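Hi,

Here is the structure I said I would pass on to you. Have a look at it first, and then read on for what turned up.

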Amino acid sequence: MLNLLSLIYAGPSRVYTVILTDVDHIKVRQVKNGSKIIEFSVQYNSLIRGKWRKITRYDNAHGYPHRHVYYPNKPEYKHSMNTLDTNEAFTEAQIGIKKNFIRMKETYIILMRNVGEANHE
């Protein structure tokens, strides 16, 4: 769990974008204290039907690494990651998205079709 002391001594936040394709990006944010990542967010966004949509996000807000899965037709689903180590979770998040973004996007598009255009535009 993050504590006040680690936040005081944390380095600056680093934010960057990893371009997967013209319409698929990963937005990355990390705060480090030396070589230790103390805060992170790795979010996959995709341009679908003319609108940028959040597909999934990994972060360690609330004091533990977890993943948010976004749906066009229902509230997001949040579940814990397999590790509590923030460095491992940060790496796992990036690798997981890079390996699976096409499948994640296809699933999101299928769910959009199931609920109809009016519910998600």
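Gln 43 stands opposite Arg 57 in E4, and Arg 57 in turn stands opposite His 68 in E5. One thing to keep in mind from the start: this is a predicted model.

Those residues sit in a sheet, so let me sketch that next. Six strands make up an open sheet, ordered E1-E2-E3-E4-E5-E6, with antiparallel pairing. The edges are E1 (13-21) and E6 (77-80); each of them has a single partner strand, so one side of each has no neighbour in the sheet. From one strand to the next, the twist averages 20°.

Now the pairs, going along the sheet. E3 and E4 run antiparallel and are joined by eight bridges. Their hairpin has two residues between the strands, and Arg 49 there takes a positive phi near 50°. E4 and E5 also pair in the antiparallel sense, over four bridges. The hairpin of E4 and E5 has six residues between the strands, and in the turn you will find His 62 with a positive phi of about 70°.

H2 (residues 86-115) lies across E1, E2 (24-33), E3, E4 (51-59) and E5, and runs at about 15° to E3.

The residue I would zoom in on is Asn 45, which lies in strand E3 (residues 36-48). Is Asn 45 buried or exposed? Its relative accessible area is 15%, so Asn 45 counts as buried, the cut-off being under 20%. What is Asn 45 in contact with, leaving aside its neighbours within four places in sequence? The list is Val 23, Asp 24, His 25, Lys 27, Trp 52, Arg 53 and Lys 54. The Asn 45 side chain also makes a polar contact, at 2.9 Å, with the side chain of Gln 43, the residue that stands opposite Arg 57. Finally, Asn 45 and Lys 105 are 60 residues apart in sequence, while their C-alpha atoms are 9.1 Å apart in space.

That's what I have for you. Happy browsing!

Definitions and conventions: Residues numbered from 1 in each chain as written. Predicted model: local features only at pLDDT ≥ 70, side-chain atom pairs only at ≥ 80, totals over all residues. Heavy atoms only, no water. Buried < 20%, exposed > 50% of the residue type's maximum accessible area, 1.4 Å probe, protein only. Contact = heavy atoms within 4.5 Å. Polar contact = N/O pair within 3.5 Å; in protein donor to acceptor, adjacent residues only side chain to side chain. Pairing = 2+ DSSP bridges. Axes fitted to C-alpha atoms, helices over the stretch in contact; angles between N-to-C directions.
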